[in-house]
Structure formats: C-alpha cells, structure tokens
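Please read it alongside the sequence and the coordinates.

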Amino acid sequence: TAVQKKQRGFRCCALRAMSSYSSLLLSRPSPTVTHVELNRPDKRNAMNRAFWSEMVSCFTEISDDPECRVVLVSGAGKIFTAGIDLMDMASDVLQPEGDDTARISWNIRKIISKYQETFSVIEKCPKPVIVAVHGACVGGGVDLITACDIRLCTQDAWFQVKEVDIGLAADVGTLQRLPKVIGSRSLVNELALTARKMYADEARDCGLVSRLFVNKEAMMAAALEMAGQIAARSPVAVQGTKVNLVYSRDHSVQEGLNYMTAWNMSMLQTQDVMKSAQASMEKKGPESITFSKL
Ligand SMILES: CCC/C=C/C=C/C(=O)SCCNC(=O)CCNC(=O)[C@H](O)C(C)(C)COP(=O)(O)OP(=O)(O)OC[C@H]1O[C@@H](n2cnc3c(N)ncnc32)[C@H](O)[C@@H]1OP(=O)(O)O
C-alpha cells in the first residue's frame, strides 16, 4: 500500500539513500534486504531502454552497498514482465548506426553486449538474488530469472522463451543459462524452439522454480521470510557461497575445489566463524549474532 511504501521510504533514508530509477522501484523492506520492483505496470513491465541500463546501475549500487545482504526482485501490477519493449526495440536494436556492414555490425555487437550485461550483473552481484514471478514471464523475463539464484512463482505464472516468435535467437542469457538451470536438454530445446508457454506446475516439476504459491501475497511474504533467513547469516559465508556456486557451475569439480581453497584461505579468517560456532554451541540461531557489514 501507499502507506507501507512511505514507511519503507523513511527507513531507506535512515539507512542509506537509494537512487531512484524510472523503470525500477527500490525499497528496503528490512535493513538488510533490498527489494527491486520492475515498475512499469501499465506496460506490463516491458523492458524499455531505461530498464536495460538502469538494471546495471541498480545492481552495481546493490553490490557496493554494505547494508544489503539479500535482493528480492518482483514485478509491479498484473504480471512479472512482458519482456523486451517492442516499441523501444525498433529505435535501438533495429536501427543501428554505421557507414558500412562492418561498422553496423560493430555497433550491433556493442548493443548486444550491453544488453547481456543487464542480466549478467545479477549473477556478478555477490548478494543472493531471489526472484518472485507472478502472471507472465516472457522473453527477456526468462533471461532475467535464469540469472537469479532462487526462483519462486505463483500458481498463475507462465514462462515463455518467446524470442523465436519475434525472429530472434535469444541472445541475452536464456540459451546459456536455462540448460544449467533445468536438467532436461530436450525440454530446453523444445521451449526455445517452439516458444510454447510453460505453466507453473511444469516449471516446478522441471526445477525452473523451487516453490509455488497460491497468490502473489503469499509468495511475497514467503520470499521476504526467506530473504530474512539468508540475511541473518554471516555475509562472509553467504556471499562466499554464492560466488563459489556460480563459479563451480561453469568449471570442473577440481577447478571449483581449487577456487574454493583460494577463497577460504582468506575468508576462513573471519570472526564470523567463531561467532557462529559459539552461537551454535549455545543452541542460539544466527539471528542472535551481530555480524559486521561486508
Ligand atoms: C538485443 C535484444 C535482447 C532482448 C531480447 C528479448 C526478447 C523478448 O523479450 S521477446 C518477447 C517480447 N514480448 C512479447 O512478445 C509480449 C507482448 N505482450 C503480450 O503478449 C501481452 O501484453 C501479455 C500477454 C504479456 C500481457 O497481456 P495483457 O492483456 O495483460 O496486456 P496488454 O493489454 O497486451 O498490454 C498492456 C499494455 O502493455 C503494452 N505492452 C505489453 N507488452 C509489451 C511489450 N513487450 N512491449 C511494449 N509494450 C508492451 C501494451 O502495448 C499495452 O499498452 P497500451 O496499449 O498503451 O495500454
């Protein structure tokens, strides 16, 4: 509600000012959790030009914010997102500048790389990102959620790798990340080649989402509770876990173990280990511990 938003706004000021964006609404439902809301509900949160660059600024800000330990992403209004803004796309992707084929191609290359970074920043952010999907999640929406760490959805949600329907091979993450998210290569191929809708039950059964909820209200409550549980734990442990999970997804077991060794050579020296072990011995939860900011 407006009152809750206002209260959150006051809390933000008491902590650290957060930037304002035209396509995103940032708030802080608790001191260590940042909520990023896709916020063009009248346009079904279609991803316009502002969105593609604001996500990068927003996640850079979040990565650098020592107060924030967990991020929650959701969509305002009727659905999560309708994917790329088809009105805006014409002016950016379809009319690249350049005097000849090489120069036009070079400029398209820059645009695609820039658009890829919009979702890669989510994965590069060391804080875990929970995404809560309701209604439709189309095209670029699938690219976005596959870069997140935990995916939740409502019973009315559906997902569509829509790019082939608009003449594109999806180029900002779905084809690279979706096969690593869901086990069946055949299912990934089917979804990407036919652009058929996948509904919530199937999304849970194939592992695209880990939990289903009856409605958005129940999902957001559970997402905030989960965010609180993660945020209560040592940020050294949590962020180290995310970074190493992402690394190990893309490397052999031995390479992952080597990276982990190098990581924990320094991170095991944190005071958080002693504090957490002591609380555990005293049968106290992590909520009882005060961890330094990271
Ligand atoms: C280098 C490029 C990398 C990125 C590639 C990404 C590719 C993709 O994302 S492909 C997918 C593109 N998206 C679509 O094809 C979806 C189009 N939208 C819909 O099918 C429906 O809107 C939807 C089923 C999502 C929701 O239907 P609903 O009945 O709830 O809403 P509508 O009445 O259709 O729309 C309400 C207003 O929102 C505007 N809008 C919806 N989607 C888009 C969009 N993708 N781009 C721009 N605008 C969109 C729609 O025009 C309505 O606006 P208005 O008429 O002003 O009320």
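Ala195 counts as partly exposed because it has 17 C-beta neighbours inside 10 Å; a residue is buried if 20 or more other C-beta atoms lie within 10 Å of its own, exposed if 12 or fewer, and partly exposed in between, with C-beta atoms placed from the backbone. The model is predicted: local features need pLDDT of at least 70, side-chain atom pairs count only at pLDDT 80 or more, and totals for chains, interfaces and linings use all residues. Residues are numbered from 1 along each chain as its sequence is written.

**Loop residues with positive phi**

- Ala195 is found in the loop between helix 7 (185-194) and strand 8 (197-199); helices (H or I, at least four residues) and strands (E, at least two) are DSSP runs, numbered from the N terminus.
- Phi of Ala195 is near 60°, a positive value in a residue other than glycine.
- Asn45, also a residue other than glycine, has a positive phi near 55°.
- The loop that holds Asn45 runs between strand 2 (33-38) and helix 2 (49-64).
- Asn45 is buried because 31 other C-beta atoms lie within 10 Å.

**Ligand surroundings**

- The ligand is surrounded by 23 residues, of which the closest are Ala46, Ala82, Gly83, Ile84 and Gly139; a residue is near a molecule or strand if its C-beta atom, placed from the backbone, lies within 6 Å of it.
- Two or more residues of this shell come from each of helix 3 (86-92), helix 4 (101-124) and strand 5 (136-138).
- The shell comprises 13 nonpolar, three polar and seven charged residues; Ala, Val, Leu, Ile, Met, Phe, Trp, Tyr, Cys and Pro count as nonpolar, Asp, Glu, Lys and Arg as charged, and the others, Gly among them, as polar.

**Glu163**

- Glu163 lies in the loop between strand 7 (158-160) and helix 6.
- Glu163 counts as buried because it has 23 C-beta neighbours inside 10 Å.
- Leaving aside residues up to four places away in sequence, Glu163 touches Gly139, Leu168, Ala169 and Ala170; two residues are in contact if their C-beta atoms, placed from the backbone, lie within 7 Å.
- Glu163 and Gly83 are 80 residues apart along the chain, and their C-alpha atoms are separated by 9.4 Å.

**Strand 6 and its partners**

- Strand 6 (residues 150-154) is mostly covered, with four of its five residues buried.
- Strand 4 (residues 129-133) pairs with strand 6 in the parallel sense over four bridges; two strands pair if DSSP finds at least two bridges between them.
- Strand 6 also pairs in the parallel sense with strand 9 (residues 211-213), over three bridges.
- Cys153 in strand 6 is the bridge partner of Val133, and the bridge partner of Cys153 in strand 9 is Leu212.

**Helix 6**

- Thr174, Arg177 and Leu178 are the buried residues of helix 6 (residues 174-181).
- These residues are on the same side of helix 6 because they cover an arc of only 105° around the axis; the arc is that of the directions from the helix axis to the C-beta atoms.
- Helix 5 (140-146) and helix 7 are included in what covers the buried residues of helix 6.

**Domains**

- The protein is divided into domain 1 (2-231) and domain 2 (235-288); these bounds come from an automatic or database domain assignment.
- The centres of domain 1 and domain 2, taken over C-alpha atoms, are separated by 27 Å.
- Eight residues of domain 1 are in contact with seven residues of domain 2.
- The side of domain 1 that touches domain 2 has three nonpolar, no polar and five charged residues.
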